[in-house]
Amino acid sequence: MSYANSRIPVSAQQGVHEQLEHRVRRHLEQAFRKPCAPHNVEAFEACLETWYR
């Protein structure tokens, strides 16, 4: 089965990556530091305004 023009992914990996848990935990311990784009901040504030009316 295929979807649109995409091929179904194929991998030689046999199971879960052996360091998956370590890497996920490491990322969860860090704060997300990417700044929000101004248009996203405006959209979020507009949503909050609508929600709290």
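Start with the salt bridges: a search of the whole structure finds 2. Here a salt bridge means a side-chain nitrogen of Lys or Arg within 4 Å of a carboxyl oxygen of Asp or Glu. The model is predicted, so local features need pLDDT of at least 70 and side-chain atom pairs count only at pLDDT 80 or more, while totals for chains, interfaces and linings use all residues. Residues are numbered from 1 along each chain as its sequence is written, and side-chain values use heavy atoms, with hydrogens and water left out.

**Stop 1: arginine 25 and glutamate 21**

Select arginine 25 and glutamate 21. They form a salt bridge, with the closest N and O atoms 2.8 Å apart. Both residues lie in helix H1, 4 residues apart, about one turn of the helix. Helices are DSSP runs (H or I, at least four residues), strands likewise (E, at least two), numbered from the N terminus. Glutamate 21 is exposed, at 51% relative accessibility. The classes are buried under 20% relative accessible area, exposed over 50%, and partly exposed in between (1.4 Å probe, protein chains only).

**Stop 2: glutamate 49 and arginine 53**

Next, select glutamate 49 and arginine 53. In this salt bridge the closest N and O atoms are 3.9 Å apart. Glutamate 49 counts as exposed at 52%. Arginine 53 is exposed too, with a relative accessible area of 77%.

**Stop 3: the nonpolar patch**

Now select Val16, Leu20, Val24 and Leu28. They make a nonpolar surface patch of about 410 Å². Patch members have over 30% relative accessible area and no salt bridge; like charges are joined within 9 Å, and nonpolar side chains (Val, Leu, Ile, Met, Phe, Trp, Tyr) within 5 Å. Where does valine 16 sit? Its place is in the segment before helix H1 (20-28). Valine 16 is exposed, at 68% relative accessible area.

**Stop 4: the whole chain**

Zoom out. The protein chain has 2 helices and 0 strands. Its C-alpha trace spans about 50 × 35 × 20 Å along the principal axes. The radius of gyration is 20 Å, whereas a compact globule of 53 residues would have one near 10 Å. That radius is taken over C-alpha atoms, and the globule rule is 2.2 Å times the number of residues to the power 0.38.

Colour by accessibility. Buried residues make up 0% of the 53 residues. The accessible surface comes to about 6,100 Å², of which 56% belongs to carbon and sulfur atoms. Areas come from the Shrake-Rupley method with a 1.4 Å probe; for residues, only the protein chains shown count as cover.
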